[in-house]
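Dear colleague,

Please find below the sequence and structure that I am handing over to you. My findings follow directly after them.

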Amino acid sequence: MQFHLKSQYAPTGDQPQAIDQLAENLRAGVMEQTLLGVTGSGKTFTMSNVIERMQKPALIISPNKTLCAQLYQEFKEFFPDAAVHYFVSYYDYYQPEAYIPQTDTYIEKDAKINEIIDALRHASTASLLTRKDVIIVASVSCIYGVGDPEEYEKVSIELTVGQKISQKELTKNLVLLQYVRNPLDPRQGHFRIRENTVEIYLPNGEEIIAVSIGGGIITSIERREARNLQPTTYNLQTVRVFPAKHFVTPKDTLALAIANIKQELKERVEALNKEGKILEAARLKQRTEFDMEMLEHTGYVNGIENYSRQLSFRATGSPPHTLIDYFRYAHGDDFLVFIDESHVTIPQIRGMYNGDFARKNVLVDYGFRLPSAIDNRPLKFEEFNDRIHRRVYVSATPGPYELRESGEYIVEQLVRPTGILDPETEIRPAKNQMQDVISEIKNRVAKKERSLVLALTKRLAEDISEYLKEAGINAEYMHSEIKTLERPEVLKKLRTGQHDVIVGINLLREGLDLPEVSFIAILDADKEGFLRNETTLLQIIGRAARNIQGKVIMYADTITGSMKAAINETNRRRKIQEQYNRAHGITPTQIQKEIRKSILGDASEEENLLPEGPAKEIVKELEREMKKAVKELNFELAAKIRDRIKTYQKK
């Protein structure tokens, strides 16, 4: 299993020297270096070439899910035969558990898990433990706990043709691995029995393992695609089945872990009572005892991550096991780390721990959680640094930390393979700015080009979007409240021409690859701050650097230091690029980039896949399950089952 990069292009422009320098530094043992590459210079292609040169597994950390999705698709195209995966937070919506003492308000954890993303996370960890050619594109969620990799592998089961095992024994093992028996409508993390075959729907959401057993012996193992109505079947001699959930404790150690939790509960209740916190002590006792009862009977409980330190027998204050530990467990320190858009990603990683600690500490003080819950946390920045050895910071605007840590090892990549220059940048007065913006956008629409408008608040972005629609422009807004997997779809519609313009705040910056965008309007450019500093302005300007006609207009009444610095740096880069083009006889050419399918893939089609069997019996069983869900007040599940029934009846 090796990395074989496949591309119709060879490295050009600044790319060859950047690839050589980065690889040479890595071989020489340089632990930290920076790739300073302008937007559109092919930084992803450069990283891919370095991975191929070094033949090492790689972790690429990005600042947000939208950019993660884009990078994931690009690496998947460059390495079609390798195990390329996408690892981000699996919540579509997440409200963390919290308590506000001032108003005596307890906020229960509320989250909606996206099953597709959860499947992609499982595929990541499984590949790390079974393959060497692994590339994982992750958000900063990779520094949060995902369970102990050693235990995750230890509790997995290996099945081999000819192995002695009864159907009953296999299903019992699957239940211990948190698989759910679902005879009618199985999904990822489920299994069902069909005559002498046990069908296991792996948690990666992509594969079904069919294990046939006869006379207490495995007679055959088949693997087929889960999302294909007419799947390709592969016969296997052996297969390893990993747990359906990352937090799984072996049965032989679960009793000891529960005993330890109960002992911690006893000590904490005594301490709270001594402090006169009678209510807090009673609350903690009731909540924890309920959780332990669930854990004893099912091996799992909602909020199990709060007991992760005890379940994995870690010392007090010790860091959690993260995706990085899966890399280290499988490959030692022999892997590469690229921190993409490092000027944003590094501050995110640095700031995660303190906010999490402050919230958890209040929950512990007021009897909502045991003290060990604090150790279910993101890594501290120093812990992250201890676990990452060979790293490359990647950014068009590296921050002071990366420049300081890289020292002399800063590799510049300023020339684009296409010869396109950084966009022209102009300042116009804020008066009548919306009329001017509308005029500029309509000029681009006539040329079948796209535009971006950058505002300062979510409300303003939404209002401007509506205003542009009233002016006859196909506009859409995009900000943090747009769901994770809907963001790439919004951008895709911009590229295909369904939208003429997108209005945004902060998501329309780092890394977005939109060659159709030729015009960017930056409103309130003189409002100095996080959204209008030199780095931010350079990143915004970079979004128009993939189009020959790229132009950026800053609307402002004054010229701030940040505006001046961003324009000066843009002009410096334009000068270098012009000189290179003249010296090599290059005429800039427009980037033609394929519009990829969403990372959702065939997820919508999968929703329409229907269970096999007699129609009346299936509908009757689904209706029973729907009524049961209503009785248990699980209305979300009931609605899903209702929709499945309607789909089935329609088909």
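Gly-332, which comes just after helix α10, takes a positive phi of about 65 degrees. Please note that this value, like the others here, comes from a predicted model.

Helix α10 itself spans residues 323–331, and its buried residues are Leu-323, Ile-324, Asp-325, Tyr-326, Phe-327 and His-331. These buried residues pack against strands β2 (58–61), β3 and β8 and against helices α4 (115–130), α5 (149–155) and α12 (381–387).

Strand β3, one of these packing partners, covers residues 83–87; five of its five residues are buried, so the strand is largely enclosed by the rest of the structure. Ala-83, His-85 and Phe-87 point one way from β3, whereas Val-84 and Tyr-86 point the other way. Strand β3 runs parallel to strand β8 (residues 134–138), to which five bridges join it. Within β8, Ile-135 is the bridge partner of Val-84.

A separate item concerns two further helices. The axes of α7 (residues 251–274) and α8 (residues 278–298) come within 9 Å and cross at roughly 175 degrees. Because angles over 145 degrees count as roughly antiparallel, α7 is roughly antiparallel to α8. Residues making the contact include Leu-254, Ile-258, Ile-261 and Leu-265 of α7, and Ala-281, Leu-284, Met-292 and Leu-295 of α8. Charged residues also take part, among them Lys-262 and Arg-268 of α7 and Glu-280 and Lys-285 of α8. By class, the contact has eleven nonpolar, two polar and six charged residues.

With kind regards

Key
Residues numbered from 1 in each chain as written. Predicted model: local features only at pLDDT ≥ 70, side-chain atom pairs only at ≥ 80, totals over all residues. Heavy atoms only, no water. Axes fitted to C-alpha atoms, helices over the stretch in contact; angles between N-to-C directions. Helix = DSSP H or I, 4+ residues; strand = E, 2+ residues; numbered from the N terminus. Parallel < 35°, antiparallel > 145°, perpendicular 65-115°, else oblique. Contact = heavy atoms within 4.5 Å. Buried < 20%, exposed > 50% of the residue type's maximum accessible area, 1.4 Å probe, protein only. Pairing = 2+ DSSP bridges.
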